[in-house]
Amino acid sequence: MTIPKINLHIHSIYSDGRNKIETIVKSAHKLKFEFIAITDHFSDSWKAGVIKTLDSHQKINNYLEKISAQNEELRAKNSNLKVLKGIEIDLGSSRRHIESLIDPSKYDLILLEYLHSPEAIGFVRNILNNWEGILQKQDKSFPLLGLAHFDPSQFIFGKVEILLEFLQQYNIYFEFNSAYASYYSIKYKESFFDKFNNFNILVGIGADAHSVNELDLIHEPLDMIKYYNLENNLKNLIKLLKNIR
Ligand SMILES: [Zn+2]
């Protein structure tokens, strides 16, 4: 399998990105991407006071409809590009905010940002248990889950296995994010990335693009995935993406 062009972390004007969803999609089509994800911010922590977020049912519905309409246009054009309905949840948000506004069945991809401690894993587990109940009632499975720009230094002192077991259990992928290149530094090779194959950890690529100029910043993450011998882990993620079609 050749690796299709993917960028699973993009912000639009629905949060702190500079471009409209339509503009991003047009640009991604020209750049011959096969999968992109629009992943605007969701938060009620300090972050919500600083940037625009997806903060109401109306805004979220409007956002998701915009992405669906883009996919319909792409299908009509026989484009190879698929746009995933994503969202990036700040784990500093309150559980109440997350559970009142996020219906997991409406997304193709949910990115989790700021997983900073083993305690935060407990917080995520509670959210995922709640979502599991919602999804079961609708006879649906989990959307794809990803760990956005995760800093390995938070966990490399004896807690890596706790994290990797958790990622494996829920099939949460590790994102190679070109905006945070220090988080995939070769200094973490032995303590972190070399353990990915034992746990079958999925890996993905996201540029954290806030403008169309940054859409194509995916080459360094791909090189690093190859350097760590994680190409098959990426291919396994791509198989899941293809099922979304
Ligand atoms: Zn982001």
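**Before you start**

This is a predicted model: local features need pLDDT of at least 70, side-chain atom pairs count only at pLDDT 80 or more, and totals for chains, interfaces and linings use all residues. Numbering starts from 1 along each chain as its sequence is written.

**Whole chain**

Select the protein chain in cartoon view. It has 7 helices and 7 strands. Both are DSSP runs, numbered from the N terminus: helices are H or I with at least four residues, strands are E with at least two. Along the sequence the pattern reads β-α-β-α-β-α-β-α-β-α-β-β-α-α. The radius of gyration is 17 Å, close to the 18 Å from the globule rule for 245 residues, so the chain is as compact as a globular protein of that length. That radius is taken over C-alpha atoms, and the rule is 2.2 Å times the number of residues to the power 0.38.

Draw a box along the principal axes: the C-alpha atoms fill roughly 50 × 40 × 40 Å. Now colour by burial. Buried residues make up 40% of the 245. A residue is buried if 20 or more other C-beta atoms lie within 10 Å of its own, exposed if 12 or fewer, and partly exposed in between, with C-beta atoms placed from the backbone. Of the contacts between residues at least 6 apart in sequence, 79% join residues at least 24 apart. A contact means C-beta atoms, placed from the backbone, within 7 Å.

Two strands pair if DSSP finds at least two bridges between them.

Zoom to strand E5 (residues 144-147) and strand E6 (residues 172-177). They run parallel, joined by 3 bridges. Leucine 145 stands opposite isoleucine 172 in E6.

**Helix H1**

Select residues 21-30. The buried residues of H1 are Ile21, Ile24, Val25 and Ala28. Their arc around the axis is only 95°, which puts them on the same side of H1. The arc is that of the directions from the helix axis to the C-beta atoms. They pack against strand E1 (6-10), strand E2 (35-42), helix H2 (57-76) and strand E3 (82-90). Step past H1 to lysine 32: its phi is positive, near 65°.

**Asparagine 61**

Move to helix H2, where asparagine 61 lies. Is asparagine 61 buried or exposed? It is exposed, with 12 other C-beta atoms within 10 Å. Lysine 106 is 45 residues away in sequence, yet 9.3 Å away in space, C-alpha to C-alpha.

**Helix H7**

Show the side chains. Asn233, Leu234, Leu237 and Leu241 are buried. Seen down the axis, the buried residues fall within an arc of 100°, so they line one face of H7. They pack against E2, E6, E7 and helix H6 (219-227). Turn to the other side of H7: Lys239 and Asn243 are exposed there.

Methods. Two residues are in contact if their C-beta atoms, placed from the backbone, lie within 7 Å.
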